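Thank you all for coming. I would like to walk you through one chain, and I will begin with a single residue before widening the view.

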Amino acid sequence: PAHNTTRRRNRGATIRTRRSRAKSTFHVRENIAYRTKVGREAAATSVIAAQRRFITTRPLTRYWRDKVTIPNFHSGTWGGARAFLHTPLMLTVISVMVWLYLQSHPTAIIADYVHHLYRFGLIVSPSFISRLFRRWSFSFKTPEYRMIYKYSWENLSYYFTYLVEISRIPQAHIHYLDEASYNPKDLRPPRIVGPVNQRQTATHSDPLDKVWNTTVYTSYSEDGSLPPVVVDIRQATNDSWSFLSFVIFLVNAGYLPPNHVLVIDNARVHIAAGILPILHSVLTAAQVRLILMPKYSPELSPAEFVHQLVKHYIRRHSGSHPLWQKIIMYHIVVTPQHMKNWYNHCLTISERPAFESRI
């Protein structure tokens with residue numbers, strides 16, 4: 001009958017399953033005995049000698065050497081650090097140690113956590129640390145770095161004083177100066193189109209040893225009497241005398257009218273001991289007031305946005321023009337509307353809701 005046939009088939013399948021399990025258990029036991037020999041050989045001679053004799057991998061040889069020589073290395077019958085058996089108390093201790101190490105070393109990588117626990121005799125795997133972070137809903141992120149000296153009491157006091165002082169000046173009377181460096185290695189296009197799963201090669205015509213430097217002047221005038229950007233480009237390094245020469249040019253060309261304000265940062269080329277008295281004399285004769293920005297505060301300068309825009313265009317719009325031509329060409333792209341938006345951004349930073357959280 002069909003019922004008996006089905007029963008015989010099920011009985012045969014059960015017998016085959018039992019035989020397979022017994023055979024698998026035998027091989028597992030045989031494999032454990034073999035690897036125990038590997039560990040004993042490594043303990044008696046060396047890891048490399050045991051690896052060559054038994055034709056196995058070095059991590060496996062090192063693991064079984066430790067398992068044979070260290071009684072509490074791994075109390076289970078199989079597995080490595082990933083399957084290491086910890087008591088609930090030890091898991092709590094490990095979690096506390098990882099948390100304390102995270103608070104004191106927030107930029108550490110997973111291997112640092114594994115090494116830190118190993119120093120105290122606790123063996124865990126990188127995947128264990130990853131699972132622990134996931135359990136805490138933690139992940140590795142790109143941090144927003146902040147200069148600690150920016151938040152000194154002296155600099156913060158000057159920061160607020162600067163914001164109050166600059167807010168009383170009409171935007172059309174404020175001019176900024178700042179330097180930038182254009183390295184061809186950092187301005188190459190980040191992407192290229194090509195076939196899938198094939199490496200693509202791109203050529204670059206600008207010599208990597210030719211670095212261009214610029215000094216940028218910015219202004220905003222509703223009537224268009226002053227250009228939004230004036231740039232001084234050169235291959236020489238940004239030094240104090242180049243900066244002073246550019247300021248004298250701006251005064252003689254009428255780009256710094258009387259009763260206007262020139263704002264610069266605290267770079268060495270601006271406040272060098274041999275330059276600052278001469279700069280004060282030139283600006284005093286032109287009836288131009290000089291204001292220094294707070295330290296480590298590029299967010300207060302529209303010139304920084306000019307540098308970012310020009311470098312963005314150079315990276316995204318590759319062409320056959322030399323780098324110095326691209327720098328000049330993309331400075332011309334800056335419009336009065338750009339400058340209006342950037343001036344409003346920099347001069348009204350204290351009025352935005354996120355200002356208190358940033359400070």
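Does Thr61 count as buried or exposed? Thr61 counts as buried because its relative accessibility is 0%, where buried means under 20% relative accessible area, exposed over 50% and partly exposed in between, with a 1.4 Å probe and protein chains only.

Residues are numbered from 1 along each chain as its sequence is written, and side-chain values use heavy atoms, with hydrogens and water left out.

Thr61 sits in helix 3, residues 58–69, helices being DSSP runs of H or I of at least four residues and strands runs of E of at least two, numbered from the N terminus. Setting aside neighbours within four places in sequence, Thr61 contacts Val38, Ala42, Val47, Ala50, Gln51 and Thr56, contact meaning heavy atoms within 4.5 Å.

Turning to the whole chain, we have 14 helices and five strands, and 34% of the 359 residues count as buried.

The largest nonpolar core has 32 residues, of which Tyr162, Ile166, Tyr182 and Val263 touch the most other members; such a core is a set of buried Ala, Val, Leu, Ile, Met, Phe, Trp, Tyr and Cys residues joined through side-chain atoms within 4.5 Å. Elements that each supply at least two residues of this core include helix 7 (153–167), strand 1 (174–182) and strand 4. Apart from this core lies another, of 18 residues, among them Phe243 and Leu283.

Next, a helix pair: the axes of helix 8 (residues 240–253) and helix 10 (residues 276–285) come within 11 Å and cross at roughly 5°, the axes being lines fitted to C-alpha atoms over the stretch in contact, with angles from 0 to 180 degrees between N-to-C directions. Helix 8 is therefore roughly parallel to helix 10, a label for angles under 35 degrees.

Finally, confidence: pLDDT, the predictor's confidence in each residue from 0 to 100, averages 84 over the chain, and 85% of the residues score at least 70. Over residues 21–29 it stays under 50, and the model has zero contacts there beyond four places in sequence. Where pLDDT is low, the predicted coordinates should not be read in detail.

Terms used:
This is a predicted model: local features need pLDDT of at least 70, side-chain atom pairs count only at pLDDT 80 or more; totals for chains, interfaces and linings use all residues. Angles under 35 degrees count as roughly parallel, over 145 as roughly antiparallel, 65 to 115 as roughly perpendicular and the rest as oblique.
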